[in-house]
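Me: Got a model open here and want to go through its packing. Can we start with the core?

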Amino acid sequence: MPKIHAATVADHRSQQRAALLDAARELLAEGDASRVTFAEVARRTGLARNSVYKYFPDRRHLLTEVVREAAPRWTERIRAALAVAGDSPEERVAAHVTAQLEMVRDGEHRVARATADAQDAAALREGADAAHRALLDPLVAALRELGDDAPLLTARLLQGFVNAATSALESGGDYDAVSRRAVRLAVAALRGLDAEA
């Protein structure tokens, strides 16, 4: 019987599962989903390869779970940024854009965008789509509080600035220059919307 390094079997299983997810996330952050094999994940965690199957039936489930598990952390980071932002719409939008671009700068985005074959890409995209929807929730709530009559639409359109800035950063753009401009454009767009009202 394997050694259990936790108070209960359930705690041990939870710790092992978390370690497997951490190893897979590290591999994805290195930028190549093809390196996320059960053999490599097991090696990084000190487990036997067949032990990984006790937690995940296949790579697709593992990859999807890595991104799905990261979404609450990403959303919390944005909520925290909005919590310390001022009350003006401009400050809230600036905080939202900045928080997302900081995550891109810090490598979080590479987890969802790792180079992958078609099957892996589908699994990563499934998790990433859910994560992106969750990332909009704090902005939608802030826009609703600010009286926006179509907060989800506005949030999706403002997200376009973040997506374009992300592409610019991934192409080697200077973080400070790209993030400053993305924030200015998003805030200007919001002001333009107010002017139409």
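**Core and helix packing**

Reply: In the largest nonpolar core, which has 21 residues, V93, V97, L101, L139, A155, L158 and L169 touch the most other members. Such a core is a set of buried Ala, Val, Leu, Ile, Met, Phe, Trp, Tyr and Cys residues joined through side-chain atoms within 4.5 Å, buried being under 20% relative accessible area with a 1.4 Å probe, protein chains only. This is a predicted model: local features need pLDDT of at least 70, side-chain atom pairs count only at pLDDT 80 or more, and totals for chains, interfaces and linings use all residues. Residues are numbered from 1 along each chain as its sequence is written, and side-chain values use heavy atoms, with hydrogens and water left out.

Me: Which helix gives the most to this core?

Reply: α9, with seven residues. At least two residues each come from α5, α7 (118-145), α8 and α9 (175-196); helices are DSSP runs of H or I, at least four residues, numbered from the N terminus.

Me: What does V97 touch?

Reply: Leaving out residues up to four places away in sequence, V97 touches V162, A182, V183 and A186 (contact: heavy atoms within 4.5 Å).

Me: Switching topic. At what angle do α5 and α8 pack?

Reply: About 30°, with the axes of α5 (residues 89-105) and α8 (residues 151-170) 10 Å apart. Axes are lines fitted to C-alpha atoms over the stretch in contact, and angles run from 0 to 180 degrees between N-to-C directions. The two helices are therefore roughly parallel (under 35 degrees).

Me: And which residues make the contact?

Reply: V93, H96, V97, Q100, L101 and V104 of α5, against L158, Q159, V162, A165, T166 and L169 of α8.

How values were computed:
Angles under 35 degrees count as roughly parallel, over 145 as roughly antiparallel, 65 to 115 as roughly perpendicular and the rest as oblique. Buried means under 20% relative accessible area, exposed over 50%, partly exposed in between (1.4 Å probe, protein chains only).
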